[in-house]
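Subject: Structure handover

Hi,

Here is the structure for you to look over. My notes follow below it.

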Amino acid sequence: MESKRSSFSGKIGFVLAAAGSAVGLGNIWRFPYLAAKYGGGVFLLVYIILSVTFGFSLMIAEIAIGRKTQLSPIGAFKALDKRFSFVGWLASIVPAIILPYYSVIGGWVMKFTAGFIMGNTAEMSHDKYFSDYLGQVWEPLGWFALFIGLTSLIVLFGVKKGIEKVSKVMMPILVVLILGISIYTIVTMDGAIDGVIFYIKPDFSKFSIMTVVAAMGQLFYSMSLAMGIMITFGSYMKKEIKIEKSVHQIELFDTGIAFLAGLMIIPSVFAFSGGDEKALGQGAGLMFVTLPKVFDSMPAGNVIGVVFFIMVFFAALTSSISLMETVVSVFIDKLKINRKLSCLIVLIISLFLGISSALGSSAWKNIKIFGMQFLDFFDFASNNILMPIIALLTCILIGYILKPKFIVEEVELSGKFNQKSMFNIMIKYIAPIFLVIILVSSVLNALGYIEI
Ligand code: PHE
């Protein structure tokens, strides 16, 4: 099935496709709420440092593995070292865990899009609107089912290309809107500037190991690392394209959009709550609670709200398509079933897992796993446990078994590898030590020994 691999056309094709998969709810929904919760400027600083060192090295490694082996993750790890075959499997489980709860959040985005279209902006800007909504059973379930259903149909009928074209047009509009909303908030709202300072100026007294744990988890999620996706992308990349330069571009794009999303949301939180700790630490609901207030206070906010949420919806949809596509193709290849059946199986698993996440604040709110609701648990298990394990094993394989030269050679096929020494040190020493610390902290946190 993998006899003939197509490749991306043109130089920019690869970067756009990889960036399209990287940019999603992770940037717009997840990054701002983590930055608000984990100390603002200090989180931003840690995130940026990790992104240009650790994220850079791991992304280089994954893309080079894909391009060198010309295989999908499961095949690639097996080809590199038989003992590491299970890492490919592990990596393939991650998108299967993320997809269901990603679709629950995609459902929230759809609900808000519909709300703005119907002109309910004022109602949606009430503090309790979002939590009341999550407290319901049927509506969140319905929107979730609609989102995952739509994703399945697109994956099944292979109209992915069309959607990606739409999203490429929408991405620049989204960036302009985010910028516009940020400027509007900062210029017109009292107290917003304190939010900008909180977000940009690191306050080291707010630093803790959990800042690093959260930033690292976010890095995996946002850059689509440690889940085989970049290996797959690499397998489609032409040999003459410069891996290092492409990675820099993807990184800049992904981190840039996340940064701007934070700049849009955090100052608004300050404007509406005066920087109250509780408002900053509210977690997953931050964007859904804050943005309607901004749109409600804005001239023509209703229309801007509609356009903005439609863009976010498309960004979420392209990501969910790419997540589902990954799982579906693993099933097709490994279970030797057809696309239709594979889609159906993935849809059923996702519905099953997603229902628990959708009901975590209502019917099933008393069920906790390690003290977390289902959605938080799936998010934590993938980003803070599984992905660090996969990344650690990848570093061991590259750093000690195959040796970094294996990757360096592939990168150098298309030119000089400027940050070669940093890559070597990261993969062999810094990243593995770091990953062990992250894993231990995550486990201790889940067991209740340290506060996250
Ligand atoms: N990186 C995407 C985001 O930030 C999530 C994603 C992961 C999408 C893996 C596709 C594949 O939302």
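These notes cover the ligand site and the cavities.

This is a predicted model; local features need pLDDT of at least 70, side-chain atom pairs count only at pLDDT 80 or more, and totals for chains, interfaces and linings use all residues. Numbering runs from 1 along each chain as its sequence is written, and side-chain values use heavy atoms, leaving out hydrogens and water.

**Ligand.** A ligand nitrogen is 2.9 Å from a polar backbone atom of alanine 22. A ligand oxygen is 2.8 Å from a polar backbone atom of glycine 26. Asparagine 27 puts a polar side-chain atom 3.2 Å from a ligand oxygen. Alone, the ligand exposes 320 Å², and the protein buries 99% of that (Shrake-Rupley method, 1.4 Å probe).

**Cavities.** The whole structure has three cavities of 30 Å³ or more (on a 1 Å grid over the protein atoms alone, points where a 1.4 Å probe fits but cannot get out; lining residues have an atom within 4 Å of a point). The ligand takes the space of the largest cavity (more than half of its atoms lie within 2 Å of the grid points). The volume of the largest cavity is about 140 Å³. Its lining has 16 residues, with Ser21, Tyr102, Tyr221, Ser224 and Ser319 nearest the centre.

The second largest cavity holds about 50 Å³. Its lining includes Val23, Ser167 and Phe314.

Best wishes

Conventions: Polar contact = N/O pair within 3.5 Å; in protein donor to acceptor, adjacent residues only side chain to side chain. 1 Å grid on protein atoms, 1.4 Å probe; cavity = no way out; pocket = protein on both sides within 12 Å on 5 of 7 lines; lining within 4 Å. Points joined across faces, edges and corners; volume = space filled by probe spheres on them.
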